[in-house]
Amino acid sequence: MKLLSTVVLMMIFLASAYSVVDESPTITLSEFESYPTLSEASVDKLFHDWMLEHNRTYSSSNEMKKRRELFKKKLEHVKEFNKGNHSYTIGINQFSDRTEEELSVSCVEDDDDNYEWYFQ
């Protein structure tokens, strides 16, 4: 039941986001960096695609909005960083909706395929 309500909330959120007329071309996660600016509708589409790719669901619409904003900031950070003269590039991954604090949690697998979480 919880999963169903989360899916319904996600559909309502996305439907309301797409109700705004947007003339921006449809973009994908692999090509978002080539666009000079991202419209809110484009961010919504990228976030939705990313959620599907990483099988991500949230417990409430407020949680989804918070994670979308974190994802949007990560998109902006990736675009800005990759404009620089670095020997490497960064991108969007399964952790792109996490805060710095959440990213400081690490998971280690032991020899018996058990996982242990700890804070760095």
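Guide: Phenylalanine 71 has a relative accessible area of 0%, so it counts as buried. Bear in mind that the model is predicted.

Visitor: Why is phenylalanine 47 called buried?

Guide: The cut-off is under 20% relative accessible area. Phenylalanine 47 has 0%, so it is buried.

Visitor: Which aromatic pair does phenylalanine 81 form?

Guide: Phenylalanine 81 pairs with tyrosine 88. The centres are 5.4 Å apart, with 40° between the planes, and the pair is tilted.

Visitor: Why does phenylalanine 81 count as buried?

Guide: Its relative accessibility is 18%. The limit is under 20%, so phenylalanine 81 counts as buried.

Visitor: How many aromatic pairs are there, and which residues do ring pairs link into a cluster?

Guide: The count is 5 aromatic pairs. The cluster consists of Phe47, Trp50, Tyr58 and Phe71.

Visitor: Which residues make up the largest nonpolar core?

Guide: There are 11: Phe32, Val43, Leu46, Phe47, Trp50, Met51, Tyr58, Met64, Phe71, Leu75 and Val78. H2 and H3 each supply at least two of the core residues. The largest share, 5 residues, comes from H2. In soluble globular proteins, nonpolar side chains tend to be buried together.

Visitor: What makes H2 roughly perpendicular to H3?

Guide: The axes of H2 and H3 come within 10 Å and cross at roughly 105°. The range for roughly perpendicular is 65 to 115 degrees, so H2 is roughly perpendicular to H3.

Visitor: Which residues meet where H2 faces H3?

Guide: From H2 come Glu40, Val43, Asp44, Leu46, Phe47, Trp50 and Met51. From H3 come Met64, Arg67, Arg68, Phe71, Lys72 and Leu75.

Visitor: Where is asparagine 55 found, and is asparagine 55 buried or exposed?

Guide: Asparagine 55 is in the loop between H2 and H3. Exposed requires over 50%, and asparagine 55 has 67% relative accessibility, so it counts as exposed. Its phi is near 50°, a positive value in a residue other than glycine.

Visitor: What pattern does the chain follow along the sequence?

Guide: The pattern is α-α-α-α-β-β, with 4 helices and 2 strands in the chain. Of the 120 residues, 27% are buried. Among contacts with a separation of 6 or more, 51% join residues 24 or more positions apart.

Visitor: Where is confidence lowest, and where is it highest?

Guide: Strand S2 (residues 115-119) is lowest, at a mean of 49, while helix H3 (residues 61-83) is highest, at 94. Over residues 16-25 the pLDDT is below 50, and this stretch has 11 contacts in the model beyond near neighbours in sequence. The mean pLDDT of the chain is 76, with 60% of its residues at 70 or more.

Notes: Residues are numbered from 1 along each chain as its sequence is written. This is a predicted model: local features need pLDDT of at least 70, side-chain atom pairs count only at pLDDT 80 or more; totals for chains, interfaces and linings use all residues. Side-chain values use heavy atoms; hydrogens and water are left out. pLDDT is the predictor's confidence in each residue, from 0 to 100. Contact means heavy atoms within 4.5 Å. Rings of Phe, Tyr and Trp (its six-membered ring) pair if their centres lie within 6.5 Å; planes under 30 degrees apart count as stacked, over 60 as edge-to-face and the rest as tilted. Buried means under 20% relative accessible area, exposed over 50%, partly exposed in between (1.4 Å probe, protein chains only). A nonpolar core is a set of buried Ala, Val, Leu, Ile, Met, Phe, Trp, Tyr and Cys residues joined through side-chain atoms within 4.5 Å. Axes are lines fitted to C-alpha atoms, for helices over the stretch in contact, and angles run from 0 to 180 degrees between N-to-C directions. Angles under 35 degrees count as roughly parallel, over 145 as roughly antiparallel, 65 to 115 as roughly perpendicular and the rest as oblique.
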